[in-house]
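Student: I have a structure open and would like to learn how to read its features one by one. Please give me the general idea each time, then the case at hand.

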Amino acid sequence: MGEVVRIVVFVMAFISCNALLDLSGVPQVKGTWMATTTLPCAYMPSEGFTQQMLSWSIERDHRTSTIFRRDDSGDHILLAQFRDRVSVPKHSPGNASLLIENLEMPDSGHYTCKVIWRSENNSLVTKEVTTVVKVVKVAVTKPVIRAGELGLAVPAGARTSLTCVADGSPPISYRWFRSIPGGKALLLSSQAELAWDSLQPSDAGKYYCEAENRAGARAVQQSDTVELTVRGSPVTQQPSAGTDRHARPPLTPRGSGTQQVPTEPLYEVAFCSTADVMRLETDVEVPVKCLHKKTNCKTETFNDTFTVKDDSHNSVYIRKNPEYENLVSAMESEYETERI
């Protein structure tokens, strides 16, 4: 009788442990070509049972091959086509899910997750769960434009961006356009994000994007148009108070003298065989010379005069006054005037 009781207790414990160590998964997973997918496989850890071995295998064309195995020696990827593309969480007890990156069309098949536990009395418990994986190519969806943190009404000079977002099998290519008069569009970028470091009023306008991938007939999807507005004018640096940004320092004549040229415009009048009138700006130094061949050339002065010497030339400058202005105006009708 005692032997029967022991057998019954062992069977009940075995049934209970098998119930606790049951694997859970899903019957089918549809994966997107060139995307990432996860095949669920999980169990509830039970006291007294230690995971001895975990493996994933694939069945294709009536052939079964082991993809991944984890045992006391570590993790092993046994199929070259899955190398650097599959992984199982390491520090998550009870989670045996398989992550597959960059799905290829040949990755379709039946995947089996198998876990073996060892009990305290060295007995082994094995569980399996199978998931059918179908890899499909998904055409790109209609893209959506997402504005930056500042929205679509952005202050001038601010940094902002517009991002084109679409779903479908990668890789997805993007193009940005700006509407221009005449129903035409200007191609701006071939990136998902259109960014400005310093938005200007001229950047205001209507924008839209296109998305395309290699799935199906490679149909191009176009987003709705959004209008970007720029508020205010860009801030420019103003000259400090009391400062004329066009002001120039007074001219100091060459030589050892310290005499300053007057800040008012100066004139030099030279009467030659053909008289010439030349206007000299206060910040330009040039030798005095006639515009035509000199014959009986002399210089006459009016009002106050002074001389500024330049190496080998003497120049006589006349301070401007109303009477002298009248004289120059009268002479301009008869003689040639040149501004130097």
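Student: Is aspartate 75 buried, partly exposed or exposed?

Tutor: Buried means under 20% relative accessible area, exposed means over 50%, and partly exposed lies in between, with a 1.4 Å probe and protein chains only. Aspartate 75 has 33% relative accessibility, so this residue counts as partly exposed. The model is a predicted one: local features need pLDDT of at least 70, side-chain atom pairs count only at pLDDT 80 or more, and totals for chains, interfaces and linings use all residues. Residues are numbered from 1 along each chain as its sequence is written, and side-chain values use heavy atoms, with hydrogens and water left out.

Student: Which residue does the side chain of aspartate 75 meet in a salt bridge?

Tutor: Side chains of opposite charge can pair when their charged atoms come close. The criterion for a salt bridge is a side-chain nitrogen of Lys or Arg within 4 Å of a carboxyl oxygen of Asp or Glu. Aspartate 75 meets arginine 70 in this way, at 2.7 Å from N to O. Arginine 70 is buried, with a relative accessible area of 13%.

Student: How many salt bridges does a search of the whole structure find?

Tutor: The search finds seven. One of them joins aspartate 71 to arginine 69, with the closest N and O atoms 3.2 Å apart. Aspartate 71 is partly exposed at 25% relative accessible area, and arginine 69 is partly exposed at 29%.

Student: Which strands pair around these residues, and in what sense?

Tutor: Strands of a sheet pair through backbone hydrogen bonds, either parallel or antiparallel. Strands here are DSSP runs (E, at least two residues), as helices are (H or I, at least four), numbered from the N terminus. Two strands pair if DSSP finds at least two bridges between them. Strand 6 and strand 7 (residues 74-77) are antiparallel and share four bridges, with aspartate 71 opposite glycine 74 in strand 7. Two residues separate these strands in a hairpin.

Student: Which residues of strand 2 are on the covered face, and which on the uncovered one?

Tutor: In a regular strand the side chains alternate between the two faces of the sheet. In strand 2 (residues 28-32), Val29 and Gly31 make the covered face, while Gln28, Lys30 and Thr32 make the uncovered one.

Student: What does the salt bridge of glutamate 210 tie together?

Tutor: Glutamate 210 pairs with arginine 175, the closest N and O atoms being 3.2 Å apart. Glutamate 210 lies in strand 18 (residues 205-212) and arginine 175 in strand 15 (residues 173-180), so the pair ties together parts 35 residues apart in sequence. Salt bridges with shared partners join Arg175, Glu210 and Glu212 into one network. Glutamate 210 counts as buried, at 14% relative accessibility.

Student: How many disulfides are there?

Tutor: A disulfide is a pair of cysteine sulfur atoms within 2.5 Å, and by this rule the count is two. In one of them, cysteine 41 and cysteine 113 have their sulfur atoms 2.1 Å apart. The torsion about their S-S bond is about -70°, so this disulfide is left-handed. Cysteine 41 lies in strand 4 (residues 41-42) and cysteine 113 in strand 10 (residues 109-119), so the pair ties together parts 72 residues apart in sequence. Cysteine 41 is buried at 1% relative accessible area, and cysteine 113 is buried at 0%.

Student: Is the disulfide of cysteine 164 and cysteine 209 left-handed or right-handed?

Tutor: Its S-S torsion is about 70°, so the disulfide of cysteine 164 and cysteine 209 is right-handed. Cysteine 164 is in strand 14 (residues 160-165) and cysteine 209 in strand 18, 45 residues apart. Both cysteine 164 and cysteine 209 are buried.
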